[in-house]
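This briefing is meant to be read with the sequence and the 3D structure open side by side.

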Amino acid sequence: YNGVYFSTDNGDNFIKRVNGLSNQSINSLATIGNIIFAGSDGGGVFYSSNLGLNWTALNTGLTNLTIKKLYSNQTSLFACTSTGLFKIDVCSLLQNSSSISPSGNIEISNGNTLELKANLGGINYIWYKDDVIINGINSYNYIVNQAGNYKVIIEYSSTCNDTSNTVNITLQNLSINENSLDNKINFYPNPVKELIYITNLTDTE
């Protein structure tokens, strides 16, 4: 046992992340939304909300810090020990943790689409465009083809939900203004026999 390792390239490379992990003998891992939980051999339960960059102990109520196994169900985390099963409500940890990717301000070409993905772990997803509910979409992903501000409310249980970041989508208009080409392009000879020549009159002005 030597901490927790993360990979962002499908397992080709791993990075050890143990900042705040006072006990690096990890017996079990579990996830709820974007929160990762680690059960240690003598140090109790730790959680991270930033992909392991920082870990925090979550041991309130635990009388046995040797965790054999972790299980998650909606917003409840269960820690199995040799002396019993402990239940931890983690709804408060999920607040302000939900996310959509890609994030930020995104421009797509007019006529194209973009798939927005929310984090997994929810039992229901309510998508919004410009603060108006998008009816009929309840999955973790949504295909965007219109400009607007998009976000999603993730329901982790019937009593626990969280709102994601907002993603701004703008459309790039690639149409050509035909009037802007008037008197700027010259084709010759006319009529064409074998070759056609095109010149930009603007360059010769």
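Helices (H or I, at least four residues) and strands (E, at least two) are DSSP runs, numbered from the N terminus. This is a predicted model, in which local features need pLDDT of at least 70 and side-chain atom pairs count only at pLDDT 80 or more, whereas totals for chains, interfaces and linings use all residues. Residues are numbered from 1 along each chain as its sequence is written, and side-chain values use heavy atoms, with hydrogens and water left out.

**The sheet E7-E8-E9**

- An open sheet of 3 strands has the order E7-E8-E9 and antiparallel pairing, where two strands pair if DSSP finds at least two bridges between them.
- Strand E7 (69-73) and strand E9 (84-89) each have a single partner strand and stand at the edges, so one side of each is left without a neighbour in the sheet.
- Neighbouring strands of this sheet are turned by 20 degrees against each other on average, direction ignored, with axes taken as lines fitted to C-alpha atoms, for helices over the stretch in contact, and angles running from 0 to 180 degrees between N-to-C directions.
- The antiparallel pairing of E7 with strand E8 (residues 76-81) extends over 5 bridges, and Lys-69 stands opposite Cys-80 in E8.
- E8 and E9 run antiparallel and are joined by 6 bridges, with Leu-77 opposite Ile-88 in E9; these two strands form a hairpin with 2 residues between them.

- Asn-119 is found in the loop between strand E12 (114-118) and strand E13 (124-129).
- With a relative accessible area of 9%, Asn-119 is buried; on this scale buried means under 20% relative accessible area, exposed over 50%, and partly exposed in between (1.4 Å probe, protein chains only).
- The Asn-119 side chain reaches the backbone nitrogen of Ser-99 at 2.9 Å, and a polar contact of 3.1 Å joins the side chains of Asn-119 and Tyr-156.
- A polar contact is a pair of N or O atoms within 3.5 Å; within protein, one must be able to donate a hydrogen and the other to accept it, and residues adjacent in sequence count only if both atoms are side-chain atoms.
- Leaving aside neighbours within four places in sequence, the residues in contact with Asn-119 include Gly-33, Asn-34, Tyr-125 and Ile-154, contact meaning heavy atoms within 4.5 Å.

**Salt bridges**

- The count comes to 2 salt bridges, each defined as a side-chain nitrogen of Lys or Arg within 4 Å of a carboxyl oxygen of Asp or Glu.
- Lys-129 and Asp-130 meet through their side chains in a salt bridge (3.3 Å, N to O); Lys-129 is partly exposed at 23%, and Asp-130 is partly exposed at 38%.
- Asp-131 forms a salt bridge with Lys-151, the closest N and O atoms being 3.1 Å apart.
- This pair links distant parts of the chain, 20 residues apart, with Asp-131 in the loop between E13 and strand E14 (132-133) and Lys-151 in strand E16 (residues 148-157).
- Asp-131 is exposed, with a relative accessible area of 58%, whereas Lys-151 is partly exposed at 21%.

**Nonpolar cores**

- Of the 36 residues in the largest nonpolar core, Phe-37, Val-45 and Trp-127 touch the most other members, and E16 gives the most to this core, with 4 residues.
- A nonpolar core is a set of buried Ala, Val, Leu, Ile, Met, Phe, Trp, Tyr and Cys residues joined through side-chain atoms within 4.5 Å.
- Not counting residues up to four places away in sequence, Val-45 touches a set of residues, among them Phe-37, Leu-58, Leu-70 and Leu-77.
- A second, separate core of 8 residues includes Val-4, Leu-21, Phe-46 and Trp-55.

**Backbone geometry**

- Most residues other than glycine have a negative phi, and most peptide bonds are trans.
- The peptide bond from Ser-101 to Pro-102 is cis, with omega near -10 degrees, and Pro-102 lies in the loop between strand E10 (100-101) and strand E11 (105-109).
- Gln-74, in the loop between E7 and E8, has a positive phi near 55 degrees and counts as partly exposed at 40% relative accessibility.
- Asp-130 likewise has a positive phi near 55 degrees, and its place is in the loop between E13 and E14.
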